[in-house]
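These are my notebook entries on a single protein model. I set down what I looked up, one topic at a time.

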Amino acid sequence: MKNTLKQNYEFRRLYRRGKSAGSRHVVLYVRRNGLPVSRIGLTVTPKLGCAVTRNRVKRLLRAAWRSLQEELRPGFDVVIVARFACVSAKMPEVAASMRYAARGAGLLREGGSRQ
């Protein structure tokens, strides 16, 4: 997946200086990046379960992000932190939860929310 955050300093910068918004399944940390595209980073802690579980949660988060891309404003760095509710959730639930958090962080385009 291209347009990803991989370096530790990028994550730390967002945690310190970014705006955060949460929902039942995820917490988003958001900050403008000055680029024409948005970049994302995923955080899934070992507290959520074994490697198989964490990889499933990461796949869910990526799928939810892709489903929302048309509704999101470009030019932001976003770190998505998974909460424990993601472990047993289905993709539509995670996508709805991510949409809610994105609205709170100001990532949605004007009139871009589908309900």
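**Entry 1: E93**

I looked up E93 and found it in helix 3, which covers residues 91-105. The model is a predicted one. I then asked how accessible E93 is: with a relative accessible area of 36%, E93 is partly exposed. I also checked E93 against R24. The two residues are 69 positions apart in sequence, while their C-alpha atoms are 9.5 Å apart in space.

Four strands form an open sheet in the order 1-2-4-3, and the pairing is mixed. Which strands lie at the edges? I noted strand 1 (19-22) and strand 3 (39-43), each of which pairs on one side only. On average, neighbouring strands of this sheet are turned by 20 degrees against each other, if direction is ignored. As background, I wrote down that strands of a sheet pair through backbone hydrogen bonds, either parallel or antiparallel.

**Entry 2: Strand 2 and its partners**

I followed strand 1 into strand 2 and found a hairpin that joins them through three residues. Strand 1 and strand 2 are antiparallel and share four bridges. Which residue of strand 2 is the bridge partner of S20? I found that it is Y29. I also recorded G22, which stands opposite V27 in strand 2.

I then turned to strand 4. Strand 2 (residues 26-32) and strand 4 (residues 76-82) pair in the antiparallel sense, over seven bridges.

**Entry 3: Cysteines**

How many disulfides does the structure hold? I counted zero. C50 is in no disulfide, and the nearest cysteine sulfur, that of C86, lies 15 Å away. For reference, a disulfide is a covalent bond between the sulfur atoms of two cysteines.

I also compared the surroundings of the two residues. Is C86 buried or exposed? C86 counts as buried because its relative accessibility is 0%. C50 has 46% relative accessibility and therefore counts as partly exposed.

**Entry 4: The largest pocket**

Last, I looked for open space. Rolling a probe the size of a water molecule over the atoms shows where empty space is left. The largest pocket holds about 250 Å³ of space. By class, I recorded seven nonpolar, three polar and four charged residues in the lining of the largest pocket.

Notes: Residues numbered from 1 in each chain as written. Predicted model: local features only at pLDDT ≥ 70, side-chain atom pairs only at ≥ 80, totals over all residues. Heavy atoms only, no water. 1 Å grid on protein atoms, 1.4 Å probe; cavity = no way out; pocket = protein on both sides within 12 Å on 5 of 7 lines; lining within 4 Å. Points joined across faces, edges and corners; volume = space filled by probe spheres on them. Nonpolar A, V, L, I, M, F, W, Y, C, P; charged D, E, K, R; others polar. Disulfide = S-S within 2.5 Å. Buried < 20%, exposed > 50% of the residue type's maximum accessible area, 1.4 Å probe, protein only. Pairing = 2+ DSSP bridges. Helix = DSSP H or I, 4+ residues; strand = E, 2+ residues; numbered from the N terminus. Axes fitted to C-alpha atoms, helices over the stretch in contact; angles between N-to-C directions.
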